[in-house]
Amino acid sequence: CYSVGADRLLRQWEAGGEGKQARVVGSHPAAITRLILAPGRGRLMTAAADGTVKSWAGVHERSEVTFAGPGGPIRALATSADGRLVAVGSHAGEAW
């Protein structure tokens, strides 16, 4: 299980039981607004209020790629069914 938020951290939690935090996986320089799992790719993707999107690789969950959009908070994040394409929507209504 994973969570994100205004503290700018991507956290991993123990599944079941007491739900204790397992570790902090990584961070963004601004509040993280979205978290998704890219299907078929084994990657987490996060989006932040500063307009960046990060792709986190497999079991090691290190930030592999950071994308910078046109600026402003990211409000929507989605992938294609195979996880190869990413769609991003900004607070200003822009999509890329």
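Valine 86 is partly exposed, with a relative accessible area of 32%; that label covers values between buried (under 20%) and exposed (over 50%), using a 1.4 Å probe and protein chains only. The model here is predicted, so local features need pLDDT of at least 70 and side-chain atom pairs count only at pLDDT 80 or more, while totals for chains, interfaces and linings use all residues. Residues are numbered from 1 along each chain as its sequence is written, and side-chain values use heavy atoms, with hydrogens and water left out.

**Around valine 86**

- Valine 86 sits in strand β9 (residues 86-90); strands (E, at least two residues) are DSSP runs numbered from the N terminus.
- Leaving aside residues up to four places away in sequence, valine 86 touches Met45, Leu77, Ala78, Thr79 and Trp96, where contact means heavy atoms within 4.5 Å.
- Between valine 86 and phenylalanine 67, 19 residues apart along the chain, the C-alpha separation is 11 Å.

**The largest nonpolar core**

- Seven residues form the largest nonpolar core: Ile36, Met45, Ala47, Val53, Ile74, Leu77 and Val88.
- Strands β5 (43-48) and β8 (74-79) each contribute at least two residues to this core.
- A nonpolar core is a set of buried Ala, Val, Leu, Ile, Met, Phe, Trp, Tyr and Cys residues joined through side-chain atoms within 4.5 Å.
- Valine 53, not counting residues up to four places away in sequence, is in contact with His28, Met45, Thr46, Ala47, Val65, Thr66, Phe67, Leu77 and Val88.

**Histidine 28**

- You will find histidine 28 in the loop between β3 and β4 (32-38).
- Histidine 28 is buried, with a relative accessible area of 3%.
- Its contacts, again without residues up to four places away in sequence, are Arg8, Thr46, Ala47, Ala48, Thr52, Val53 and Lys54.

- Five bridges link β2 (residues 9-13) and β3 in the antiparallel sense, and leucine 10 has glycine 26 of β3 as its bridge partner.

**The salt bridge**

- One salt bridge turns up in a search of the whole structure; the term means a side-chain nitrogen of Lys or Arg within 4 Å of a carboxyl oxygen of Asp or Glu.
- Aspartate 7 and arginine 11 form a salt bridge, with their closest N and O atoms 2.7 Å apart.
- Aspartate 7 is partly exposed, at a relative accessible area of 36%.

Terms used: Helices (H or I, at least four residues) and strands (E, at least two) are DSSP runs, numbered from the N terminus. Two strands pair if DSSP finds at least two bridges between them.
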